[in-house]
Amino acid sequence: MTQDELKTLVGQAALHYVQPGTIVGVGTGSTVNKFIDALAGMKAQIAGAVSSSVASTERLQALGIKVFDATEVDELAVYIDGADEIDHAGYMIKGGGAALTREKIVAAQSRKFVCIADESKLVQTLGNFPLPVEVIPMAAKRIARQFAAMGGSATLRLKNGVPLLTDNGQHILDVTGLKIADPLAFESQVNQWPGVVTVGVFAFQKASVCLLGAPGGVKTLVF
């Protein structure tokens, strides 16, 4: 099966975790787009969605799914999103699509995080995928130096030759060269650095379940 077919498979499998009558938390990215397409088939059975990005909001609305602002909803039963990496404890690196801050906000608002990914995203130790960190621009160079002191190399993410702006109007640093052996401690440490909006380690908002697309079908990991 192609990677695109695996994404379709896990996107459809995630429907099992959507409870009729509820508002669903929806993430961002190519795998989530497959889930959104599948969700359209049961849109009459749900109240709507809370989205983690402008791109996902536009896709949901185009398919006729009502999108609520996060401030309109107290708690979500489930949040469905992808991951750039996930380890065997359910800790993740996220933010390849630059929506990490809003993803973490919606994940924190949800009782259960269901990660959907293909099996290439499952790793022993987080860090091979460049770690995204959303930062306030005036702090970017200092934060890059702090990562260098940890052995990492931070690069400002560009789009069309200029710094990429997140949906929140901030910049992204992508950090390579790190091995994140203790995701909880790492997330706590980096979140304390002035100017960091969100670090792309999802340890405190880790996955409850991961649906991994594999050639033999969908593997379910429960954490």
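Because the model is predicted, local features need pLDDT of at least 70 and side-chain atom pairs count only at pLDDT 80 or more, while totals for chains, interfaces and linings use all residues. Residues are numbered from 1 along each chain as its sequence is written, and side-chain values use heavy atoms, with hydrogens and water left out.

Helices (DSSP runs of H or I, at least four residues) and strands (runs of E, at least two) are numbered from the N terminus. The axes of helix α1 (residues 3–13) and α2 come within 8 Å and cross at roughly 50 degrees, where axes are lines fitted to C-alpha atoms, for helices over the stretch in contact, and angles run from 0 to 180 degrees between N-to-C directions. That angle makes α1 oblique to α2, given that angles under 35 degrees count as roughly parallel, over 145 as roughly antiparallel, 65 to 115 as roughly perpendicular and the rest as oblique. The crossing of α1 and α2 is right-handed, a term that applies if the near helix is turned clockwise from the far one by less than a right angle, with anticlockwise giving left-handed. On the α1 side the contact (heavy atoms within 4.5 Å) involves D4, K7, T8, V10, G11 and Q12, which meet S30, T31, K34, F35 and A38 in α2. These contact residues divide into three nonpolar, five polar and three charged, with Ala, Val, Leu, Ile, Met, Phe, Trp, Tyr, Cys and Pro counted as nonpolar, Asp, Glu, Lys and Arg as charged, and the others, Gly among them, as polar.

Helix α2 (residues 30–39) also meets helix α3 (residues 54–62), their axes coming within 10 Å and crossing at roughly 20 degrees, which makes α2 roughly parallel to α3. This crossing of α2 and α3 is right-handed, and the contact is made by N33, I36, D37 and L39 of α2 together with S56, R59 and L60 of α3. Here the residues divide into three nonpolar, two polar and two charged. The side chains of D37 and R59 meet in a salt bridge at 3.0 Å, N to O, a salt bridge being a side-chain nitrogen of Lys or Arg within 4 Å of a carboxyl oxygen of Asp or Glu. Since D37 lies in helix α2 and R59 in helix α3, the pair ties together parts that are 22 residues apart in sequence. A search of the whole structure finds nine salt bridges.

Turning to the strands, an open sheet of four has the order β9-β12-β8-β13 with antiparallel pairing, two strands being paired if DSSP finds at least two bridges between them. β9 (153–156) and β13 (196–199) stand at the edges with a single partner strand each, so one side of each is left without a neighbour in the sheet. Strand β8 (residues 131–135) pairs with β13 over three bridges in the antiparallel sense, and E134 has T198 in β13 as its bridge partner. Helix α4 (residues 100–108) lies across β8, β12 (171–176) and β13, running at about 70 degrees to β13. Helix α6 (residues 183–191) packs on the sheet as well, touching β8 and β13, and its direction makes about 165 degrees with that of β13.

An open sheet of three strands has the order β5-β6-β14, again with antiparallel pairing. Its edges are β5 (85–86) and β14 (201–202), each with a single partner strand, so one side of each is left without a neighbour in the sheet. β5 and strand β6 (residues 92–93) pair over two bridges, and I86 stands opposite M92 in β6.
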